[in-house]
Protein chains: 2
Amino acid sequence: MGATKTEHFTDKQNAIATLTKALGHPARIAIVEYLIKVDTCICGDIVNELPLAQPTVSQHLKELKNAGLIKGSIEGNSICYCIDEKAISKLQSYFANISIKLEKKNNCC
Amino acid sequence: MGATKTEHFTDKQNAIATLTKALGHPARIAIVEYLIKVDTCICGDIVNELPLAQPTVSQHLKELKNAGLIKGSIEGNSICYCIDEKAISKLQSYFANISIKLEKKNNCC
DNA sequence: ATTTAATATTGCAATATTACGATAAAGACT
DNA sequence: AGTCTTTATCGTAATATTGCAATATTAAAT
């Protein structure tokens, strides 16, 4: 025991949970917000921006990448990280859809 | 070390991370989706719906409640859990806002 | 007052996450 | 080749999460 029982849930539920889990840390929210704010997106800049050591930032970037939220491309000897719009789009439509469903409901509590 | 350095991030970043973290588990996604689907929302129903033991479900409900995503009101000897629309609304507008910002940007990668 | 039903809490084992120093890897620049 | 810069990986300690059996709590029903 101790590990998440992924196999008992639907693919869609797991997919959304993967995205929200990846965003479930303030450092990773900060990274995403930084990538949206700036025009360049060099990894080193992100390290400078965050109050965390370089290996920690690298690890957070890896998790965002694994979840599909960002993508990185090699740019000389540094790496350019960017938001993957598809992932954000999924989240956006997911919560928009929930909002619509909630509006139609009379919440009992 | 090992604990999240919450104090180094903004309140807003922490607030969003709290919400996304709470949703970062397929069981909790399933709970939220179930609460939206049904009209009644008694805890026992949720336990029957999920492939997890009652204490585990209770714990997930607690986390959703702590994050402000659901609220529970006592209804006889059972408890009525409902979505807190404000939390969903926060997430919805957060991702909608990001989407808009991304549209205006030419992503470099 | 007992019993029953519905949730919560406790305690614990298994696993995962967070953070960072040290080190490695890979490309750029002399 | 050697050095510098940039990013990734390894190893490890501290902490958090996940899951459940056992037990406690609370309110209804008898």
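Biologist: At the start of α5(A), which backbone nitrogen does a side-chain oxygen of A:Asp84 reach?

Modeller: Keep in mind that this is a predicted model. Helix α5 of chain A covers residues 85–104. At its start, a side-chain oxygen of A:Asp84 comes to within 3.1 Å of a backbone nitrogen, and that nitrogen belongs to A:Lys86.

Biologist: How far does helix α5 of chain A reach from its first C-alpha to its last?

Modeller: The helix has 20 residues, and at 1.5 Å a residue you'd expect 28 Å. The model comes close to that, with a reach of 29 Å.

Biologist: What covers the buried residues of α5(A)?

Modeller: Quite a few residues of this helix are buried, including A:Ala87, A:Leu91, A:Ile98 and A:Leu102. From chain A, the cover includes α1 (11–22) and β2 (78–83).

Biologist: What are the centre-to-centre distance and the angle between the planes for A:Tyr94 and A:Phe95?

Modeller: There are three aromatic pairs over all chains. A:Tyr94 and A:Phe95 form an edge-to-face pair, at 5.4 Å and 85 degrees. For B:Tyr94 and B:Phe95, also edge-to-face, the values are 5.4 Å and 85 degrees.

Biologist: Are B:Tyr94 and B:Phe95 buried or exposed?

Modeller: Over in chain A, both A:Tyr94 and A:Phe95 are buried. As for B:Tyr94 and B:Phe95, both are buried.

Biologist: Which residues form one aromatic cluster?

Modeller: Start from the edge-to-face pair of A:Tyr94 and A:Phe95. Chain B brings in its own edge-to-face pair. The cluster is made up of A:Tyr94, A:Phe95, B:Tyr94 and B:Phe95.

Key
Residues numbered from 1 in each chain as written. Chains lettered and ligands numbered in written order. Predicted model: local features only at pLDDT ≥ 70, side-chain atom pairs only at ≥ 80, totals over all residues. Heavy atoms only, no water. Helix = DSSP H or I, 4+ residues; strand = E, 2+ residues; numbered from the N terminus. Expected span 1.5 Å × (residues − 1). Buried < 20%, exposed > 50% of the residue type's maximum accessible area, 1.4 Å probe, protein only. Contact = heavy atoms within 4.5 Å. Polar contact = N/O pair within 3.5 Å; in protein donor to acceptor, adjacent residues only side chain to side chain. Phe/Tyr/Trp six-rings, centres within 6.5 Å; stacked < 30°, edge-to-face > 60°.
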